[in-house]
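User: Please take a close look at one helix of this model. Then set that helix in the context of the rest of the chain.

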Amino acid sequence: MRYRLTFIAGVALGYVLGTRAGRERYEQLKKAAQQLAENPAVRNAAESAAHGSRDFAGKAYHSVSEKVGDKVPVSVTDRVRSLRERSGHNGSDDWGTTNT
C-alpha cells in the first residue's frame, strides 16, 4: 500500500510539474508566433502573395470563361462576385455577368 501511495504521489507531482513546463513553452511559442506575424516584412510578403493570387485567379477565371463560354455555373460566378465585393475590388470587370 505504501508503494502504491508513493507511486501515485510521484505521478501527480510529475503531472503538475510537466503541465507547468508545457504551459511555459506554449506561451513562448505563442509569443514568438505573434512577433513573427507582426513583423512588417512578413506582413508585406503575405499581402503581396494574397494580392498576386487574387490577380492570378481573376486572369484564370477570364481565360477559362472565354474557352467555356456561358457554361460556367451560376454558383461559381456568384461566389466570385461575392468574394470580389468582400475584398473591396468593385472594379469595372464583368465577373458573373451574362451578355444577353
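Analyst: Start with helix α2, residues 40-68. It has 29 residues and reaches 41 Å from its first C-alpha to its last. That is close to the 42 Å expected at 1.5 Å a residue, where the expected span is 1.5 Å times one less than the number of residues. Helices here are DSSP runs of H or I with at least four residues, strands are runs of E with at least two, and both are numbered from the N terminus.

The buried residues of α2 are Gly58, Tyr61 and Ser65. Buried means under 20% relative accessible area, exposed means over 50%, and partly exposed lies in between (1.4 Å probe, protein chains only). These buried residues pack against α3, with contact taken as heavy atoms within 4.5 Å.

A caution on the source. This is a predicted model: local features need pLDDT of at least 70, side-chain atom pairs count only at pLDDT 80 or more, and totals for chains, interfaces and linings use all residues. Residues are numbered from 1 along each chain as its sequence is written, and side-chain values use heavy atoms, leaving out hydrogens and water.

Confidence is lowest in helix α3 (residues 74-86), at a mean pLDDT of 76. It is highest in α1, at 87. The mean for the protein is 79, and 83% of its residues reach 70 or more. The pLDDT scale gives the predictor's confidence in each residue, from 0 to 100.

Now the wider chain. The protein has three helices and zero strands, in the order α-α-α. Of its 100 residues, 7% count as buried.

Helix α1 spans residues 2-38 and contains Phe7. Phe7 counts as exposed because its relative accessibility is 58%. With Ile8 and Val11, Phe7 forms a nonpolar surface patch of about 320 Å² accessible area together. Areas come from the Shrake-Rupley method with a 1.4 Å probe; for residues, only the protein chains shown count as cover.

Helix α1 also holds Arg23 and Glu27, four residues apart, about one turn of the helix. Their side chains meet in a salt bridge at 3.0 Å, N to O. The criterion is a side-chain nitrogen of Lys or Arg within 4 Å of a carboxyl oxygen of Asp or Glu. The structure holds one such bridge.

Technical notes: Patch = residues over 30% accessible without salt bridge, like charges linked within 9 Å, V, L, I, M, F, W, Y side chains within 5 Å.
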